[in-house]
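Hi,

Here is the structure I promised to pass on. Have a look at it first, then read my notes below.

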Amino acid sequence: MLPTTCILLICLLSFLSPIVKATLSLNLTLPHQHPDPEAVVQEVQRRVNVSVSRRQMLSVHEKDQCVTGNPVDDCWRCDSTSWQANRQRLADCGIGFGQDAMGGKGGQIYVVTDSSDNDPARPVPGTLRHAVIQTEPLWIVFAADMTIKLKHELIFNSFKTIDGRGANVHIVGNGCITIQYVSNIIIHNVHVHHCKPSGNADIASSPTHVGWRGRSDGDGISIYSARKIWIDHCTLSYCTDGLIDAIMGSTGITITNNHFSHHDEVMLLGHRDGYLPDSGMQVTIAFNHFGEALVQRMPRCRRGYIHVVNNDFTQWEMYAIGGSANPTINSQGNRYIAPADQNAKEVTKRVDTDEGEWTGWNWRTEGDIMVNGAFFVPSGAGLSTQYAKASSVEPKSAALIDQLTSTAGVFGDPRDRSVALPGFSGGGISTGTTSNTGHGSSSGDDGDYFGMIFGSGASASPPAPSSSFAIFLSLSIILVMHFTINCGTLLSLPLLLSSLL
């Protein structure tokens, strides 16, 4: 009986093999990963095009009043009621992979009245730390302008929104913002800067839990094994490690309308080359201004799917977008302005990887604007016959990027120069090619907008995953185990695995 059973099992495994192979190729490595990232990309494009088209039809007065063509801002700034009366409307305005981040929507308004952070293990009511560790959803606002100098890293609980609209809020000091093992976080309209390593201390992460924390890297915002995260309209600079880092299987992240400046290693996406769960990382980076005194990592990607759309890169010293371990990078409708250095014109950098390996990576450019000799080296799927290279840009086309990123950073900040940082005169990074003080571990008018911003060659969407994938894969594993136990003398386990994969 056993030999017959084993033969039947081998036949079934052979039948399942192509199904498993096809499904594994979709790279579904995280439970909350979107199964069709190209569909998310197309939805972002659609929403931008709707906003720009709507702007064309409005009067001059209406355009100046609120409509920018930026779908995030138009969503809440042009609401029938004032944003002050309906702050939580913001939660419905996300785009991209992090659009489902609800933050504290539906929860109470928590007003921060106290800027102190004297005891991270026992925060007092009215402080920002007391607000972010609560278990229930909260929409956190600020009673007045304030600079919150953290004693140690600020650890978030799930379902929280930091909403700095109406106040001038600076978060600085030791550790800064840590989003770890949580979901549904929105950080909006605050300055984050001069963040330093800290730790080896007891820190509260909920009203009932205080735990020992090792030393942090000094990131501005650290995202660690978290999902449904949206960072919007923040101004970030002068941190010891990254301004924003997302690692250890984080996914469902949107980074929009931020202003980055005065930093070396701006943004890291992915823990290390060999960390397979980061293959499921999905990040949307849109409408940001990468500005003064930046060096590299805008972002630096490991694995995952990264959509970089409608950003303004006005300065870098080494490169803008880098990566290793075969990330998918989809660059659409960005403006890349190269530095004067003839050795730094290339937008892209494959980090510590031979060309023979990266030629198959899916790095593509559609509708990007290249200025001052900037060029993007594509590869893999969507590879064009020539590099996307230009030395000039039509003013009307450039105006669209200016329009979409006109309010990047905290509202009211100057777009093209440094903001005043209370209590700080700068620091942490030079304006040359040297690094910051520390390193962590790790062509037409609006009517021609559609083709100019996104290009005309839309790539085909990958096939949708089979709804029965989990069943097939689970059954396959069970069959392999059963066969190994009962038929071990007939075939070896390595042979079975090779027949399956």
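Phe97 has 9% relative accessibility, so it counts as buried (buried is under 20% relative accessible area, exposed over 50%, partly exposed in between, with a 1.4 Å probe and protein chains only). Keep in mind that this is a predicted model, where local features need pLDDT of at least 70, side-chain atom pairs count only at pLDDT 80 or more, and totals for chains, interfaces and linings use all residues. Residues are numbered from 1 along each chain as its sequence is written, and side-chain values use heavy atoms, with hydrogens and water left out.

Now the rings. The whole structure has nine aromatic pairs (Phe, Tyr and the six-membered ring of Trp, centres within 6.5 Å; planes under 30 degrees apart are stacked, over 60 edge-to-face, the rest tilted). Trp76 and Trp83 are edge-to-face, because their planes stand at 90 degrees, with centres 6.4 Å apart. Trp76 is buried at 4%, while Trp83 is partly exposed at 22%. Phe97 pairs edge-to-face with Tyr305, at 5.9 Å and 70 degrees. Phe97 sits in the loop between helix H4 and strand E1, and Tyr305 in strand E24, so this pair ties together parts 208 residues apart in sequence (helices, H or I, of at least four residues and strands, E, of at least two are DSSP runs, numbered from the N terminus). Tyr305 is buried too, at 7%.

There are also charges over rings (NZ of Lys or CZ of Arg within 6 Å of the ring centre and within 35 degrees of the ring normal): Arg165 over Trp76 at 4.6 Å, and Arg350 over Trp358 at 4.2 Å.

Cheers
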